[in-house]
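Hi,

Here is the model I said I'd pass on.

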Amino acid sequence: MQQLYDLFLKTGLRPFAFMSDTMQLEEKLTRSDLSTLLILLFRGDLTMSELAQEMGAPLSSMTSIAKRLERKGYIARATSVEDQRVKLVTLTQPGKQLAKESEQIMLAMLGRLQEAFTPEEMEQFTTLLLKAAKVFQDGGSVKPRETKVRSIKINIEE
């Protein structure tokens, strides 16, 4: 189950895209915003660079997301005491509540998967999904299957 969490949050496979339960949340926030809040809930306080890395997003995009979440009161950004150039991102209480609500929706979705699959199917599904995510993360470096080329002899009459 933890592997699926990590997969969803680190690879751009956003579970919210598949779930109708999130429509109410999506009226308040984008899917990227929700994913950002969940990452902060799971990983704790992070620097902007760490958060961008976790999201798989450029720092400039992460800065836009962080500014939007800060304006809405879901996160706080503070300058690091050790290094003035580093911004530390923290969930506020409303942000934590919203992230926990999102987490419950995601757990319900994963629970439905577990109910639908046998344990063996769930293991196979997780393995295949992780493999697919790796392919996308690596830029799609998939070796094409080798096909045997058969020579056909053609008689040509003059």
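The largest nonpolar core has 22 residues, and the ones that touch the most other members are Leu-29, Leu-37, Leu-40, Leu-51, Met-62, Leu-69 and Ile-75. Helices α3, α4 (48-55), α5 and α6 and strand β3 (87-91) each give two or more residues to this core. By nonpolar core I mean a set of buried Ala, Val, Leu, Ile, Met, Phe, Trp, Tyr and Cys residues joined through side-chain atoms within 4.5 Å. Buried is under 20% relative accessible area, exposed is over 50%, and partly exposed is in between (1.4 Å probe, protein chains only). Helices (H or I, at least four residues) and strands (E, at least two) are DSSP runs, numbered from the N terminus.

Take Leu-40 as an example: leaving out residues up to four places away in sequence, Leu-40 touches Leu-46, Leu-51, Ile-75, Val-89 and Leu-91. Contact here means heavy atoms within 4.5 Å.

A word on where this comes from: it's a predicted model, so local features need pLDDT of at least 70 and side-chain atom pairs count only at pLDDT 80 or more, while totals for chains, interfaces and linings use all residues. Residues are numbered from 1 along each chain as its sequence is written, and side-chain values use heavy atoms, with hydrogens and water left out.

On confidence (pLDDT, the predictor's own score for each residue, from 0 to 100), the chain has a mean of 80, and 73% of its residues reach 70 or more. Among the elements, α5 has the highest mean pLDDT (95) and helix α1 (residues 2-10) the lowest (60).

Now the charged pairs. The whole structure has four salt bridges, a salt bridge being a side-chain nitrogen of Lys or Arg within 4 Å of a carboxyl oxygen of Asp or Glu. One of them joins Asp-33 to Arg-68, with the closest N and O atoms 2.9 Å apart. Asp-33 is in helix α3 (residues 31-43) and Arg-68 in helix α5 (residues 59-71), so this pair ties together parts 35 residues apart in sequence. Asp-33 is buried, at 0% relative accessibility, whereas Arg-68 is partly exposed at 24%.

Asp-83 and Arg-85 also pair up, at 3.0 Å from N to O. Here Asp-83 is partly exposed (24%) and Arg-85 is exposed (74%).

Last, helix α6 (residues 93-116): its 24 residues should span 34 Å at 1.5 Å a residue, and the end C-alpha atoms are 35 Å apart, which agrees. The expected span is 1.5 Å times one less than the number of residues. Buried residues of α6 include Gly-95, Ser-102 and Glu-103.

Cheers
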